[in-house]
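Subject: The structure, and what turned up in it

Hi,

Here is the structure I promised to pass on. Please open it first, and then read on for the side-chain contacts that turned up.

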Amino acid sequence: MADSRTLEAIKYRNDYGPTLQIINQRKLPHETVFEPILGTADGWKAINEMRVRGAPAIAIVGVLSLVIEMHSKTFTTAQEVAAFVEEQLLYVHVCFASRYHYTRLYWGYRCWLSHGCCA
């Protein structure tokens, strides 16, 4: 839990289902506006519009936006989960291939899959 005097740029909660909010960094320092991220498309848009800045924050929002979207889906096999995750990570990765942390995350996931995690 963050100190009450600490400003969180990314708020992720999983009390009654996951929720994700980000500070719109374009509005700082004059306003502190939290905006919801409802899935990978929202995460991509927030990154693309520079409402999220910095390589670690970009990777975190990319992954947590995927978690939010997965929560609303139903999967019957591990292969379905793996295919969905790869599709969504590739979607964001293609848009932001120059983002170092996100690129490492994507290729780390690919490596994990190649070692038979979902065989």
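Predicted model: local features only at pLDDT ≥ 70, side-chain atom pairs only at ≥ 80, totals over all residues.

Let me start with the charged pairs. The count comes to three salt bridges. In one of them, glutamate 8 pairs with arginine 13, and their closest N and O atoms are 3.4 Å apart. Arginine 13 is partly exposed as well, at 34% relative accessibility.

The other bridges bring us to arginine 51. Glutamate 35 forms a salt bridge with arginine 51, with 2.5 Å between the closest N and O atoms. What does this pair tie together? Glutamate 35 belongs to strand 3 (residues 34-36), while arginine 51 sits in the loop between helix 1 (40-48) and helix 2 (55-71), so the bridge links parts that are 16 residues apart in sequence. Both of these residues are buried; for arginine 51 the relative accessibility is 10%, and the limit for buried is under 20%.

Arginine 51 also meets the side chain of glutamate 49 in a salt bridge, at 3.0 Å from N to O. Glutamate 49 has a relative accessible area of 28%, which makes this residue partly exposed. Through shared partners, the salt bridges join Glu35, Glu49 and Arg51 into one network.

Now for the rings. How many aromatic pairs are there? The count comes to one. Its partners are phenylalanine 75 and phenylalanine 84, whose ring centres are 5.5 Å apart, with 55° between the planes, and the pair is classed as tilted.

One more contact brings a charge and a ring together. The charged end of lysine 11 sits over the ring of phenylalanine 34, at 4.1 Å from the ring centre.

Best wishes

Definitions and conventions:
Residues numbered from 1 in each chain as written. Heavy atoms only, no water. Phe/Tyr/Trp six-rings, centres within 6.5 Å; stacked < 30°, edge-to-face > 60°. Lys NZ or Arg CZ within 6 Å of the ring centre and 35° of its normal. Salt bridge = Lys/Arg side-chain N within 4 Å of Asp/Glu carboxyl O. Buried < 20%, exposed > 50% of the residue type's maximum accessible area, 1.4 Å probe, protein only. Helix = DSSP H or I, 4+ residues; strand = E, 2+ residues; numbered from the N terminus.
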